Amino acid sequence: MKQRKDKKTIMGIDIGGTKIAAALVSSGRLMTPVYSVHTLHGSKILNQVSKFYEKFSKKYLISGIGISTAGMVSDDGRIVGSTGNIPGWQGTKVKETLQKKYRLPIVVENDANAAAYAEYQIGSAKGANPLLMITLGTGVGGGVVVNGKLVRGAHYAGGEIGHIKLSYTKQRHCTCGRYDCLEAYASGNGLLALIKHYFPENYKKITTRDLFRLAKSKNKNAIFAIRAVEDWHFYIALGICNLFQLIDPKKIVLSGGLSSEIDINYLTKETRKLLLPALEKSVHIEKSVLNNDAGLLGAALLASQSL
Ligand SMILES: [Zn+2]
């Protein structure tokens, strides 16, 4: 017999370039372990979502599905852009297809937006208004929550902060095809460019992990690694400064794989130096406590509100 749990048991799904994570969520809390599978291509991803549904629905009554996904998402839950890391995913009518199949409320949201929403609802910056979230990893993304609502934008690109410009000199090529975007400086690739600059002789042998380790070591080359890590913080501070002047966030939350390497005090100090002097004391930067589960939890929270 099925365990009839509370009505608002939501299946939260996070679709990324390498893996799809899934769990059941109720009132913003995980009710099951987070399971994951390697991401397939295009419409096969919907089959993977269905398999998770079949697995969970054997034991639980699912009231809705919240999907957080890489790429820009239209209001009707279609993938409309920027999904180079998931071939064949762009154009997929995710919401329509799943709604027809399951006749349940379905919410589909960009992964960084979903994560920002989770940070606002249940994260370390709960209730911060406005809230700015920045994800630092292979790419740079983000989300903005104002008055409790995600800023999705007129073209579904609200919060795509990785592509604000840090320079006009065409120094760094970005994955989007343009130059000098925040992502080109603050992402893993941005760090690799710094490694190349500071270690021109042997940069090919140095990973980003090596760089952070070297910066904390007593090695004679540590000074170059420290400079590279400081430059990286400075670029992120520049990005935060530009965004700060636009939305004046109460709190800034950092997430993503590289955020663990951020020195919050140093970043705050650098950001303060760049901002309008009157705003110096208004910078509050924190690291996410939700981390990898933020997208899945945020999508589930959004879905539970549509019930
Ligand atoms: Zn770009």
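Local features were considered at pLDDT of at least 70 and side-chain atom pairs only at pLDDT 80 or more, whereas totals for chains, interfaces and linings use all residues of the predicted model. Residues are numbered from 1 along each chain as its sequence is written, and side-chain values use heavy atoms, without hydrogens and water.

Helices (H or I, at least four residues) and strands (E, at least two) are DSSP runs numbered from the N terminus. Five strands form an open sheet with mixed pairing, in the order E11-E10-E9-E12-E13; two strands pair if DSSP finds at least two bridges between them. Strands E11 (149–150) and E13 (285–287) are the edges, each pairing on one side only. Strand E10 (residues 140–146) runs antiparallel to E11 and is joined to E11 by two bridges. Val145 has Leu150 of E11 as its bridge partner. Helix H7 (residues 222–247) packs on this sheet and touches strands E9 (131–136), E10, E12 (251–255) and E13. The direction of H7 makes about 155° with that of E9 (axes are lines fitted to C-alpha atoms, for helices over the stretch in contact, with angles from 0 to 180 degrees between N-to-C directions).

A nonpolar core is a set of buried Ala, Val, Leu, Ile, Met, Phe, Trp, Tyr and Cys residues joined through side-chain atoms within 4.5 Å; buried means under 20% relative accessible area, exposed over 50% and partly exposed in between (1.4 Å probe, protein chains only). The largest such core has 44 residues, and Ile134 and Trp232 have the most contacts inside it. Its largest share, 12 residues, comes from H7. Beyond its neighbours within four places in sequence, Trp232 is in contact (heavy atoms within 4.5 Å) with residues including Tyr185, Leu191, Phe212 and Ile262. Another core, of 27 residues, lies apart and includes Ile15, Tyr53, Tyr60 and Ile67.

Thr39, in the loop between strand E4 (35–38) and helix H1 (44–57), is buried at 5% relative accessibility. Among its contacts outside four places in sequence are Gly16, Lys19, Gln48 and Ile86.

The zinc ion is coordinated by His163 (ND1), Cys174 (SG), Cys176 (SG) and Cys181 (SG) at 2.0 to 2.3 Å. Donors are N, O and S atoms within 2.8 Å of the metal (3.2 Å for Na, K and Ca); water is not among the atoms, so sites may look incomplete. The four donor atoms subtend angles of 104 to 116°, and the arrangement is therefore tetrahedral (all angles between 85 and 135 degrees). His163 is partly exposed, at 26% relative accessible area, whereas Cys181 is buried at 0%.

Notes: Four donors count as tetrahedral if all angles lie between 85 and 135 degrees; four count as square planar and six as octahedral if opposite donors are over 155 degrees apart and all others between 65 and 115; anything else is irregular.
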